[in-house]
Structure formats: C-alpha cells, structure tokens
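Have the sequence and the model open as you read.

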Amino acid sequence: MKKVKYRHSVARILSLSVSFFLTFNALVYAQDSPLAEDESVVQETVQGAQESNVEAEAGSGDAAAGKEIFNTLCAACHKLDSKSIGPALRGVTETRDTEWLHSWIRNSSALIAQGDEQAVEIYNEYNQVAMPPFPQLSDADIDNILAYVSQPKAVPQAQQAGAEAAGGAASGGGGISTDILLVILAFVLAMLLVILFLVNRTLRRFAAASGVELPVSPKRKPIWKAFVENQFLVLVSAVVLVLIGTYFLYGYFMQVGVDQGYQPIQPIHFSHRIHAGDNQIECKFCHSSARVSKTSGIPSLNVCMNCHKSISEVAPETATDEYSKEFYDGEIAKLYDAVGWDVSQQAYTGETEPVKWIRIHNLPDFAYFNHSQHVEVGGIACQTCHGPVQEMEIMYQNAPLTMGWCVNCHRETNVRTAGNEYYEKVHEELSKKYGVEELTVSQMGGIECGKCHY
C-alpha cells in the first residue's frame with residue numbers, strides 16, 4: 001500500500017487557525033476598558049459647568065420669552081448674526097450698557113434728539129432710519145429680549161456630530177471596530193477554503209493509494225443543442241419573443257414626448273415645500289399671470305426680493321436631513337448675486353446676473369392651453385394638474401400631459417355655470433338635450449379638435 005503524505009496536516013492547520021482566531025478575538029475585546037466611561041463623566045461635568053456659566057452670563061431674563069418677543073417685534077428689521085435694516089444683535093449686551101439699551105428700545109428717537117453719541121452714530125450708519133418706539137415693553141420684557149440675544153450661537157448639528165465622532169475616534173472608546181470584524185471574518189473564510197482544498201486533495205490521494213476508482217460523470221448533450229432539435233419548443237419560443245418584443249416596442253413609442261416625472265436641477269434651488277407648504281404662499285402670488293394669461297409665467301426675481309430683502313437666512317427648523325440650513329442660506333446668497341443686492345449696505349449694486357431657469361412643463365406647439373380659462377373661469381386648483389406642489393422640495397412634472405389625459409379630464413369635470421349668464425343660457429339648452437343637471441366640459445364642446453389644436 002502506498003503511504004499517504006501529510007495525512008495529519010489538516011488537523012494541525014485547523015487547530016492552529018482556531019487558536020489564532022481565539023487569541024486575536026480575546027485581544028480585541030480586551031480593549032474595552034472603563035476609561036471611556038470616565039472620560040464621558042468628565043465631559044458631562046465640563047459641559048454642565050459651561051452651560052451653567054452661559055446661563056449665568058445671560059442675566060436674569062427669560063430667553064424663551066425673549067425669543068417670542070423678538071420674533072414678534074424685532075425680527076422684521078434685525079437678525080442675530082448679520083446686518084439687516086438694523087444691526088446684528090447677538091452679543092449686544094457686551095458692547096452696549098444695559099441701561100442705555102432699555103432707553104434705546106423704548107424710544108430711540110428721544111435719545112437721538114438729545115444728541116446721544118451712540119444713538120446718533122447708529123442713526124447715521126443705518127441711513128437715518130429711525131427705530132420705532134416700544135413704550136409698551138416693560139423692564140422685564142426688555143431683559144428677556146437681551147437674555148435671548150446674549151445666548152451663544154448654536155453649533156450646527158452636522159458640525160456637532162462630526163466633532164463627537166472625531167472625539168470618539170481620538171479617545172479610542174470601547175467596542176470593536178466594524179473593519180476589525182470584517183478582517184476577522186475574511187480571515188476565517190479564507191482558512192475554511194484552504195482547509196476544504198487540503199481535505200479534498202488528501203481524500204483523493206488516499207483513494208488513489210487504496211486503489212479506489214472515483215466515479216466519472218458521463219458527458220451530457222448541451223442544453224442549446226437539445227433545444228434546437230426540439231422544433232415545438234423553438235416555435236413556441238419564437239412566438240413568445242415576437243409578442244414580448246411587440247409589447248415593449250409599442251410601449252416605447254407611446255412614451256415618446258411624455259416627460260412625466262421630469263425633475264431638472266435648477267440654477268437656484270427653490271423649495272416649493274417651504275414657500276407653498278410651510279409658509280402657505282398662494283401659487284398665484286408668484287405666478288400672477290396665470291389669472292389673466294395663457295401661461296403662468298416665470299416670476300421675476302423682484303417678486304422674490306419682496307420678501308428676501310429681510311430674509312437672508314432660513315430658520316434652523318426648516319433644514320432637513322438632505323438639505324441643511326447652510327445649503328438654503330447659500331441659495332439665498334445666489335439670489336442676492338443675481339439681483340445685485342448688497343446685504344451689508346442693504347442696497348442694490350446694479351450688477352445683475354441672469355438666472356437660466358430650466359422649463360419643466362412644456363406642451364407641443366400644436367396644442368393650445370390657457371391658464372386663465374382653467375384657473376379663473378373653471379376654478380381648477382393648481383394641484384389638479386401639477387400635483388402636491390406644497391410637498392415638493394424640487395419641482396417635477398406630476399401629470400403625463402398627454403391628449404388622453406386632457407380628454408379624460410374634460411369628460412369627467414363639470415362646468416361651473418353659477419353667476420355666468422352666458423353659461424346659464426347654454427346650460428339650460430344643453431341640459432334638455434342631454435337630460436342632465438350638470439354639464440361636463442365635453443358636453444359643451446370641450447373635446448372638439450379645434451378647442452385645443454390650431
């Protein structure tokens with residue numbers, strides 16, 4: 001009998017691999033020490049001390065109540081961290097005397113008339129625009145406002161999370177890194193493959209030494225050859241392929257010119273969710289030509305500046321996981337660059353840049369559509385065709401805008417005849433013809449070719 005070499009090598013390699021894995025695993029778990037817990041306690045203690053210092057520096061006022069008063073009376077002209085119609089107010093208690101601030105807030109015009117140097121300086125710096133008096137504010141109310149504007153600027157959540165992650169990586173923390181676990185798993189799998197290969201080779205050598213013949217699987221006819229020789233399967237397959245190809249070809253041609261779901265990225269990010277949704281701005285405030293014109297029109301940037309002269313940044317709660325506050329503030333800055341608005345001077349520079357908006361809804365030239373006829377006469381809501389605009393962060397084409405889609409709407413929508421003598425007379429005649437109480441657009445000729453095609 002032929003001697004088999006290395007017949008004990010498999011067991012040895014397996015035992016060595018298991019021993020190495022267990023030793024390495026124990027070393028990794030041993031890194032979990034109570035040091036991280038001690039550091040977290042120290043960090044909480046330091047943070048608590050810092051927060052208490054901030055509260056002590058803020059004074060005796062109620063910052064929460066001050067925020068409410070600030071948003072009601074002050075936010076139209078002042079921002080916390082940037083100039084607006086008036087100066088930035090964060091940290092104003094560090095540069096101005098509290099007693100002087102009380103007098104200035106109650107009646108700034110009186111201080112200017114008295115010739116107060118600080119009052120006259122601010123008055124001249126901001127284009128001699130007098131601050132309105134607030135005699136209704138008590139000392140406690142003013143202290144609350146000062147407490148609010150004395151708070152330190154909040155760190156953005158993204159930066160805070162990044163700092164915490166960096167601190168966790170520097171401290172070493174407990175637990176096992178995901179990368180280490182993946183390396184261990186890859187090592188174990190590699191060892192298993194090596195072991196299986198050695199076992200297979202050893203068994204084959206043992207069989208050859210023992211005179212055992214290994215079974216050899218017979219060669220089979222290739223599947224493609226068996227398929228070609230079966231004429232019935234070939235015929236059925238050809239018919240199925242023709243039908244499937246015809247179906248997809250028809251569907252492809254039916255989608256030519258249909259841009260449903262088209263969602264281009266605009267040069268300036270405009271969030272309909274914020275404007276039409278959160279702030280509930282009516283669609284026709286910006287798209288005013290929809291009331292009287294065939295098209296809804298693209299609002300001029302002057303319409304945007306009606307509000308954004310005073311709104312140079314969004315509220316922190318406006319931000320989402322996908323779009324941060326810094327992103328929205330940057331898009332407002334793009335608007336300022338386009339219209340030539342200098343935030344620091346609160347004036348136009350005269351240097352403008354055109355904004356190349358990308359059109360989303362575009363009917364073919366041979367199709368006629370009048371916005372005013374639908375919006376004003378028909379009373380159709382904008383969302384009927386454009387979808388839930390108030391929920392769209394980026395505007396997209398909601399409806400297919402195909403001929404069949406329009407015709408189907410005309411067949412199902414009733415015409416508003418109340419208060420219109422012309423429609424009332426037509427309705428009286430046609431209601432007798434069709435024997436109905438309400439007439440659809442199609443019954444009044446709304447699906448005739450000449451209504452929509454030139």
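## Aromatic rings

Tyr328 is buried, at a relative accessible area of 4%. Buried here means under 20% relative accessible area, exposed means over 50%, and partly exposed is anything in between, with a 1.4 Å probe and protein chains only. One thing to keep in mind: this is a predicted model, so local features need pLDDT of at least 70 and side-chain atom pairs count only at pLDDT 80 or more, while totals for chains, interfaces and linings use all residues. Residues are numbered from 1 along each chain as its sequence is written, and side-chain values use heavy atoms, with hydrogens and water left out.

Back to the rings. Phe, Tyr and Trp rings (the six-membered one for Trp) pair if their centres lie within 6.5 Å; planes under 30 degrees apart are stacked, over 60 edge-to-face, and the rest tilted. That gives eight aromatic pairs. In one of them, Tyr323 and Phe327 have ring centres 5.0 Å apart and planes at 40 degrees, so the pair is tilted. Phe327 also pairs with Tyr328, this time edge-to-face, with 5.8 Å between centres and 65 degrees between planes. Tyr323 is buried at 12% relative accessibility, whereas Phe327 is partly exposed at 29%.

## Cysteines

How many disulfides are there? The count is zero, taking a disulfide as two cysteine sulfur atoms within 2.5 Å. For Cys74, the closest cysteine sulfur belongs to Cys77 and sits 8.7 Å away, too far for a bond. Cys74 is buried, with 12% relative accessible area.

Cys452 isn't in a disulfide either: its nearest cysteine sulfur, in Cys406, is 6.7 Å off. Cys452 is partly exposed, at 26% relative accessibility.

## A nonpolar patch

On the surface, a nonpolar patch has about 1100 Å² of accessible area together, and its residues include Trp224, Phe227, Phe232, Ile244 and Phe248. Patch residues have over 30% relative accessible area and no salt bridge; nonpolar side chains (Val, Leu, Ile, Met, Phe, Trp, Tyr) are joined within 5 Å, like charges within 9 Å. A salt bridge means a Lys or Arg side-chain nitrogen within 4 Å of an Asp or Glu carboxyl oxygen. Areas are Shrake-Rupley values with a 1.4 Å probe, and for residues only the protein chains shown count as cover.

Helices H11 (223-229) and H12 (231-254) each supply at least two patch residues, and H12 gives the most, with eight. Helices are DSSP runs (H or I, at least four residues), numbered from the N terminus. Trp224 is found in H11 and is exposed, with 60% relative accessible area.
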